[in-house]
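Hi there,

Here is the structure I promised to pass on. Please have a look at it first, and then read my notes below.

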Amino acid sequence: MTHTQKRIFINKVIMSLSTLSAIIGMTFLFWILGVLVINGIDALNWTTFSEVGAPPGYEESGLKHALIGQLYIVGIATLAGVPFGILAGTYLSEYGQKSKLAEIIRDISDIMMSAPSIVIGAFVYAIVVTPMGHFSGWAGSIALTIIMLPIILRTTDDMLRLVPSTLREAAFALGAPKYKVIIQVVYRGAKVGILTGVLLGVARVAGETAPLLFTSFNDNFLNTDMSEPMASLTVTMYNYATSPYEDWQKLGWAAAFILSMFILGLNIIARLFLMKKRGK
Amino acid sequence: MATIVDIQQEKALEVKNFEFTYAGADTPSIKKLNMPIAKNAITALIGPSGCGKTTLLRSFNRIHDLYPGNKYEGEILFKERNILTSKEDLINLRIKIGMIFQKPTAFPMSIYDNVAYGMRLQGIKNKTELEGRVETALKSAAIWKEVKDRLKHDANGLSGGQQQRLCIARAIAVEPEVLLFDEPTSALDPISTAGIEELVVELKERVSIIIVTHNMQQAARVSDYTGFMYLGELIELGRTEEMFVSPREKLTEEYITGKFG
């Protein structure tokens, strides 16, 4: 075998191995999705959305309570986490820049991003649930906000820093004050990126179960009072799927399906935004 | 000491014993520099990379202040006032002394909004006035014909040369007295470059212009005065037609004949 033939051979081996690994990875992904879709769609019907949870054996049983609880908990967390995250990211990129404080905040939020979410649930349990004396929707939202914050903060920081500094200089050179440079020029240049970060942040917390077990806990009935325990899709899914009753298990599948489609949808939208941005 | 030709006309700016030190640097990047800038004329700054010409240019509108720790010493007089004091109102200074950058800096908004940006900052809200001044600025920047039918389009859809002229329109829309050009054609093709050069020459009737360039032919083509800088010092300031033919300093001659740089 000549030197060139050997190189071509090695090239083919490496290519085959990496392709094979990719296929194996994809197989599991589509397997999971497939099982989810088949069982999920089978379990879905109108009562899934129109009825609240019922004891096993009842026909009229659905996930309305969990869907609404989920919307409340994730919605409030988003309302709190997004402005906080964007403002903090703005501080890092536009004001703190490379200062010690900014670097420390970046490091801490990187660590927080990989912190196990159950730890954050336990933390909120200690500072909110224990003093209040009971579980609540607020506590769930607080836990999700804490998990969402570093993601939005860091993407905002990264996206703002991608805006060329000459664009800022050009705005300053026209006599713009700093806050106008940030709002009118920098945010505009980074809006797609920031929006992507927000979507990914929401998608990330929407699938959290562990922190909610410690905070908003669960409720089998429809509840819109945030200061009371509240149902969520994830915790409901956990309860139903691990129950011995077949109709509850079916609802568990339905919850899993709705949740996955929601998160998949958010991720796809985020990716479409990114593609549009790169295509420009 | 630098050889400085006597400028027999009014001065737009006057640099006196100016020193500039970047944050964290031990030695100044510009050392004890003295230089008059003629009014309604084009002054080119030439010199090898790192000679301090861009640093000097960026001192005139104090854009260095955006980054903490930079230090100015000496004086730059604009309308007989030292603009280097901490009391200087930078917003007003930058309205009077505009800047065009190396790469086009079109903002992520429409062509119209780009040109109106500076005027809106000054609180001009009247639609008729804005429209009129946007049109005048675009005409002055010789880009009106190309963009008049798509003023609401995204400015980033324009070509590099068009974007650069848009930036010039944006800068002159606020009616500055001085315009600073930082290598405005280094990212452009030859035809766009010729267009910008023509425009710069036309603009000198209304504003005083300082242009930093790496391209000596460009300095020779457009400027009335040329300053040659080397290692943070001004070596020679002369009338352009004289300086390129018979420079008085040996270093200038060596640079413009391509012996170094």
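Before the findings, some housekeeping. This is a predicted model, in which local features need pLDDT of at least 70 and side-chain atom pairs count only at pLDDT 80 or more, while totals for chains, interfaces and linings use all residues. Residues are numbered from 1 along each chain as its sequence is written, and chains are lettered from A and ligands numbered from 1 in the order in which they are written.

Chain B has 10 helices and 11 strands (DSSP runs numbered from the N terminus, with H or I of at least four residues for helices and E of at least two for strands). Its radius of gyration is 18 Å, close to the 18 Å that the globule rule gives for 261 residues, so chain B is as compact as a globular protein of that length (the radius is taken over C-alpha atoms, and the rule is 2.2 Å times the number of residues to the power 0.38). The C-alpha atoms of chain B fill a box of roughly 55 × 40 × 35 Å along the principal axes. Of the 261 residues in chain B, 46% are buried (20 or more other C-beta atoms within 10 Å of the residue's own, with C-beta atoms placed from the backbone).

On to the interface: 21 residues of chain B are in contact with 14 residues of chain A (contact means C-beta atoms, placed from the backbone, within 7 Å). On the chain B side, the largest share, four residues, comes from H2(B). By class, that side has 13 nonpolar, five polar and three charged residues (Ala, Val, Leu, Ile, Met, Phe, Trp, Tyr, Cys and Pro count as nonpolar, Asp, Glu, Lys and Arg as charged, and the others, Gly among them, as polar).

Chain A is assigned domain 1 (3–43) and domain 2 (60–279), with bounds from an automatic or database domain assignment. Their centres, taken over C-alpha atoms, are 31 Å apart. Six residues of domain 1 are in contact with seven residues of domain 2 of chain A.

Finally, the largest nonpolar core has 147 residues, and A:Ala255 and B:Ala169 have the most contacts inside it (a core is a set of buried Ala, Val, Leu, Ile, Met, Phe, Trp, Tyr and Cys residues joined through C-beta atoms within 7 Å). Helix H6 (residues 137–162) of chain A gives the largest share of this core, 14 residues. Among the residues that A:Ala255 touches are A:Leu63, A:Leu233 and A:Tyr240.

Best wishes

Notes: Buried ≥ 20, exposed ≤ 12 C-beta atoms within 10 Å, placed from the backbone. Contact = placed C-beta atoms within 7 Å. Lists of a residue's contacts leave out its neighbours within four places in sequence.
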